[in-house]
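Visitor: Please take me up close to a single part of this one. I'd like to hear who touches whom, in plain words.

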Amino acid sequence: MKVKVSVPKGTRDFTPEVMLKRKYIFNILEKNFRLFGYVPIETPALENLSTLLGKYGEEGDKLLFKILNSGLDTKIENKEIKDISNKGLRYDLTVPFARYVVQHRNEITFPFKRYQIQSVWRADKPQKGRYREFYQCDIDVIGSNSLLNEVELILIISHVFSELGINVTVKLNNRKILAGIAQRINAPEKLTDITIAIDKIEKIGLEKVKNELLQRGLSKHQIDELEPVLTLEGSNLEKTAFLKTYLEGIAEGEKGLEELLFVMDTLRETFPAVYNLIEFDTSLARGLNYYTGAILEVKANDVAIGSICGGGRYDNLTGIFGMDNVSGVGISFGADRIYDVMEQLDLFNGVTDVPAKVLFINFGNEYLTYIYEYSETLRENGISSIIYPDKVKLKKQFDYANKNKIPFVIIIGENEVNNSTVALKNMQTGEQQELTLLQAIETIKNN
RNA sequence: GUGGGCUUAGUUCAGUUUGGUUAGAACGCCAGAUUGUGGCUCUGGAGGUCACCGGUUCAAGUCCGGUAGUCCACCCCA
């Protein structure tokens with residue numbers, strides 16, 4: 001009987017072909033994280049609901065996957081959520097990390113630089129570039145207020161995406177600037193409404209944003225005062241020059257601008273090429289409400305997809321768990337979206353791995369001792385090798401090499417045994433040579 | 001959470017407009033031509049309860065309703 005099988009909505013299987021490409025991305029990320037001295041940790045897929053709830057805003061709470069308590073009756077009627085569920089799947093890696101830091105505070109030497117590459121889950125409605133289970137690759141520095149951490153994160157972004165071959169723009173802003181703007185128009189309590197509305201300026205245009213602001217309770221006068229910010233254009237320096245005047249006398253706003261300028265100036269003076277990726281964008285808001293300072297988002301220049309990396313500074317995330325005065329800053333690379341971007345731009349061309357470099361043809365057990373010995377020698381030389389397990393017709397064995405993109409086939413039969421050689425066939429060119437094992441190894445290595 | 005499109009062989013899709021005998025193609029798969037040499041070619045073969053459940057009808061892949069999945073937009077977000 002035939003059974004219909006499938007994976008749950010919004011989740012995916014990864015085939016070997018896809019996994020080899022994903023590994024390529026993860027390897028580049030991890031290599032760069034290590035080069036900057038970040039160390040790995042992992043946390044459980046499950047967290048206590050009390051750890052997760054209330055950290056991501058109202059919207060985030062709704063998107064949390066909650067796990068039923070074990071030992072429940074099979075029928076649940078009229079139960080409050082707190083009665084039936086006290087655990088949930090992690091929604092991101094930052095909040096579990098804050099929990100980790102608080103819990104392990106006595107073992108950690110600050111500033112603590114960690115990276116974490118694990119999947120997260122959101123009960124979102126899936127669509128393009130949006131999955132219910134996806135990987136985040138986070139790096140955070142916790143226990144340091146220095147803005148040099150922000151500088152370093154942007155430097156890492158630049159390294160990673162240049163190595164991957166993706167042209168990006170790093171959009172930069174600061175929550176304190178946004179707060180200052182809200183204060184400037186006498187609507188500090190409307191900060192969230194303002195940021196949600198101005199975030200859409202590029203998408204829906206000035207007039208519609210003004211309408212939305214009216215609906216969200218701002219006065220005509222306040223909106224007029226806000227308008228120069230909404231229409232702000234020009235170079236980073238022109239924008240910051242405007243805000244310097246606009247935010248004059250508003251302490252929080254001035255502080256935010258000062259932080260932003262420090263990050264930008266440092267990069268301009270030391271890494272001009274990296275600075276050129278940066279765009280100061282007053283409309284960048286970011287939804288997660290634990291951010292307090294710098295916020296940033298990375299967009300791919302050549303593909304229309306949501307942000308592929310984002311993050312910022314959070315001054316008091318550990319405070320929620322009872323550990324005050326520990327500031328953190330971090331970013332999260334969205335591996336699945338990076339994959340989609342690279343696939344669309346055809347950037348995997350020639351970079352992906354093959355299952356093995358060499359396939360040994362099986363002519364029967366009488367040649368097995370040679371095959372085993374030779375394949376071990378290849379492996380000692382770092383050359384991955386497969387022995388075809390069945391003695392079947394050559395066509396099938398060659399087909400296997402083709403389909404798995406294995407570049408070389410080694411044939412050992414009666415002739416080769418008599419001559420103490422191997423027949424090495426290059427599957428791309430079709431060229432076949434009778435060589436000693438050492439010569440064969442050299443040929444494979446040089447290819 | 002709101003709105004829309006789609007679902008037919010392993011895959012990509014025709015067929016649905018106008019209901020009518022036995023649902024097609026390409027690619028892929030298997031076997032042979034070719035028992036120590038793959039990609040090309042030729043020959044043959046397997047593979048479908050037309051997503052599921054129900055309704056209308058003498059008759060449903062085709063019309064109607066529901067469910068699920070999937071894709072897209074909005075909301076929000078990686």
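**Around the RNA**

Guide: Let's go to RNA strand B: of its atoms within 4 Å of the protein, 46% belong to sugar or phosphate and the rest to bases. Keep in mind that this is a predicted model, where local features need pLDDT of at least 70, side-chain atom pairs count only at pLDDT 80 or more, and totals for chains, interfaces and linings use all residues. Residues are numbered from 1 along each chain as its sequence is written, chains are lettered from A and ligands numbered from 1 in the order written, and side-chain values use heavy atoms, leaving out hydrogens and water.

On the protein side, 39 residues surround RNA strand B, and the closest are Lys128, Arg130, Ser307, Asn402 and Gln432. A residue is near the strand if one of its heavy atoms lies within 4 Å of it. By type, they split into nine nonpolar, twelve polar and 18 charged (Ala, Val, Leu, Ile, Met, Phe, Trp, Tyr, Cys and Pro are nonpolar, Asp, Glu, Lys and Arg charged, the others, Gly among them, polar).

Now zoom in on some polar contacts, meaning here pairs of N or O atoms within 3.5 Å. Arg130 has a side-chain N or O atom 2.3 Å from a base nitrogen of RNA strand B. For Arg122, a polar side-chain atom is 2.8 Å from a sugar or linking oxygen, while one of Lys393 lies 3.1 Å from a phosphate oxygen. Strand S6 (133-142), helix H17 (394-403) and helix H18 (414-419) are the elements giving two or more residues to this surface. Helices (H or I, at least four residues) and strands (E, at least two) are DSSP runs, numbered from the N terminus. H17 supplies the largest share, six residues.

Terms used: Polar contact = N/O pair within 3.5 Å; in protein donor to acceptor, adjacent residues only side chain to side chain.
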